[in-house]
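Please look over the sequence and the structure shown here, and then follow the description part by part.

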Amino acid sequence: MAEAEDGREGHGLPMAVAGPGTDLLPEVDVRAASLLALLTLAAAVTEGAGVILMVPMLAALQGDGAALPGFVRRLGVPLDLPPLLALFVALVVVRGGVATARDLASLRFEARLVDGLRRRAWDALLRCDWRRISAMRQSDIQSLLVSNIDRVGYGVNQLVALCVNGATLMALGLAALAIAPVVVIAAALGGGAVLAAHRGLRSRARVHGAATGRAYDAVHAALHDALGALRIVKSYNREDRARQDLFSAITALRRAELAFARDNGLARIALHGGGAALLAGLVWLAVARWHVPAAALLPLVALFARALPLLGSVQDALQNWAHARPALEATSAFLQDAGSSAEDDGSKDMPVTAPVRELVLEGVTIWHAGRGAPALHEVSLSLPVGSTTVLTGPSGAGKSTAADVLGGLIAPDSGQLLLDGAALRPGQRRA
């Protein structure tokens with residue numbers, strides 16, 4: 001066996017997939033998602049109602065019912081300040097309760113989805129064929145199960161935040177539309193233009209996300225290698241090298257994170273500056289050109305002041321989701337790859353009894369992907385029951401591969417494994 005090659009070097013995990021996100025769908029709890037959507041809608045409606053209620057409150061303070069917009073007069077709201085204030089307080093309390101319930105529902109939804117995804121990835125790894133597992137770097141698997149899926153969780157959090165802020169913006173927009181339609185249409189067009197202007201930054205966020213994923217993989221690899229060789233590191237005084245390898249990877253990770261944070265900061269400055277200019281222009285037009293009354297203008301200003309940070313939050317959520325997508329793609333690719341390499345579980349229908357005479361390798365050849373020579377080449381070996389056999393040879397000679405074949409972990413590419421003269425069939429290998 002001296003001429004054989006073991007070929008165990010890791011080839012890493014796949015990092016691309018045709019349809020990113022499809023593997024998340026089985027983890028979505030439809031009932032929890034529906035509850036979250038209802039609570040999000042309820043919180044948005046109560047906030048919009050609170051803004052509309054400011055109109056009759058201001059009219060009551062001015063004692064001028066003629067200043068009320070037509071839709072408020074049609075509602076028949078009395079211009080009596082004490083009940084209006086009591087209703088406003090009740091709305092705030094209700095919205096606080098609904099928002100708290102929404103946040104708890106969001107946390108449960110995200111936790112179930114991410115924990116379910118991590119469970120699926122772990123189960124897929126446990127069911128995966130050993131030959132495929134042995135071609136993966138353990139540090140990449142650890143990085144995926146810990147860092148990548150945590151980043152997927154953060155991405156899901158940002159999607160939920162996007163839905164929440166988007167629903168709130170829509171409710172505020174509908175409230176404002178009832179107060180001053182022309183102003184709101186102009187504001188919606190301006191806000192859409194501001195978000196569209198940040199499209200390039202969202203594309204860059206995805207690039208930063210891929211760089212962050214590679215940096216996390218490098219940190220896990222440095223830790224894994226150093227811990228696995230700690231005895232050698234100490235024996236040969238290689239502490240400085242081990243320290244340098246780890247902190248070089250950590251420095252690269254921090255560099256990737258800072259680059260993303262810098263783009264986020266630039267986007268926030270541009271959005272807030274553009275939004276403030278848009279708000280100032282709309283207020284001027286509302287007063288000078290459209291002659292919006294004060295009872296309607298002040299709630300509009302308050303509404304736009306509330307909408308501006310929400311617009312920023314929508315942009316942040318889009319940017320953060322783009323940053324998290326490469327982690328989702330890597331996880332999805334791993335699930336597909338591990339699923340396509342799953343072992344044939346025929347052990348229940350095809351049991352195996354322990355050999356009583358011998359275990360035999362007969363002309364066994366094993367090839368590992370990416371290697372120019374076989375790990376085992378036409379190896380024949382007999383192991384009598386009750387005996388002890390020692391395999392010796394240099395690293396890469398194929399000792400571990402032979403043990404994997406004898407243990408049923410991998411199937412020969414040619415040749416066969418025999419138990420008491422009977423060839424092991426594919427469906428019996430797990431047993």
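Which members of the largest nonpolar core, among its 29 residues, touch the most other members? In this predicted model, they are Phe109, Ala121, Leu125, Leu144, Val152 and Phe334. The helices α1 (30–62), α3 (81–127), α5 and α10 each supply at least two residues of this core, and the largest share, nine residues, comes from α3. Apart from this core lies another one, of 17 residues, which includes Val183, Val184, Leu279 and Leu297. As a general background, nonpolar side chains in soluble globular proteins tend to be buried together.

**The chain as a whole**

The protein chain has 11 helices and four strands, and of its 431 residues 42% count as buried. When contacts between residues at least 6 apart in sequence are considered, 82% of them join residues at least 24 apart.

The axes of α5 and α6 come within 6 Å of each other and cross at roughly 145 degrees. On the side of α5, the contact is made by Gly173, Ala176, Leu177 and Ile179, while α6 contributes Pro181, Val184 and Ile185. By class, the residues of this contact divide into six nonpolar, one polar and no charged.

**Selected residues**

Gln319 lies in helix α10. Why does Gln319 count as buried? Gln319 has a relative accessible area of 0%, and buried means under 20%, so Gln319 falls in that class. Not counting residues up to four places away in sequence, Gln319 touches Leu201, Arg202, Ala205, Phe260, Asp263, Asn264 and Ala267.

Arg137, in turn, is placed in the loop between α4 (130–134) and α5, and it counts as partly exposed because its relative accessibility is 39%. Gln319 and Arg137 each belong to a pair whose separation is given in the table, with distances taken from C-alpha to C-alpha.

| Pair | Apart in sequence | Apart in space |
|---|---|---|
| Gln319 and Arg204 | 115 residues | 8.8 Å |
| Arg137 and Ala221 | 84 residues | 8.3 Å |

Most residues other than glycine have a negative phi. Asn237, although it is not a glycine, has a positive phi of about 55 degrees, and this residue is found in the loop between α8 (230–235) and α9. Is Asn237 buried or exposed? Asn237 counts as exposed, because its relative accessibility is 62%, and the cut-off for that class is over 50%. Asp420 is not a glycine either, and its phi is positive, at about 55 degrees; the place of Asp420 is in the loop between β3 (414–419) and β4 (422–423).

Conventions. Residues are numbered from 1 along each chain as its sequence is written. This is a predicted model: local features need pLDDT of at least 70, side-chain atom pairs count only at pLDDT 80 or more; totals for chains, interfaces and linings use all residues. Side-chain values use heavy atoms; hydrogens and water are left out. Axes are lines fitted to C-alpha atoms, for helices over the stretch in contact, and angles run from 0 to 180 degrees between N-to-C directions. Contact means heavy atoms within 4.5 Å. Ala, Val, Leu, Ile, Met, Phe, Trp, Tyr, Cys and Pro count as nonpolar, Asp, Glu, Lys and Arg as charged, and the others, Gly among them, as polar. A nonpolar core is a set of buried Ala, Val, Leu, Ile, Met, Phe, Trp, Tyr and Cys residues joined through side-chain atoms within 4.5 Å. Buried means under 20% relative accessible area, exposed over 50%, partly exposed in between (1.4 Å probe, protein chains only).
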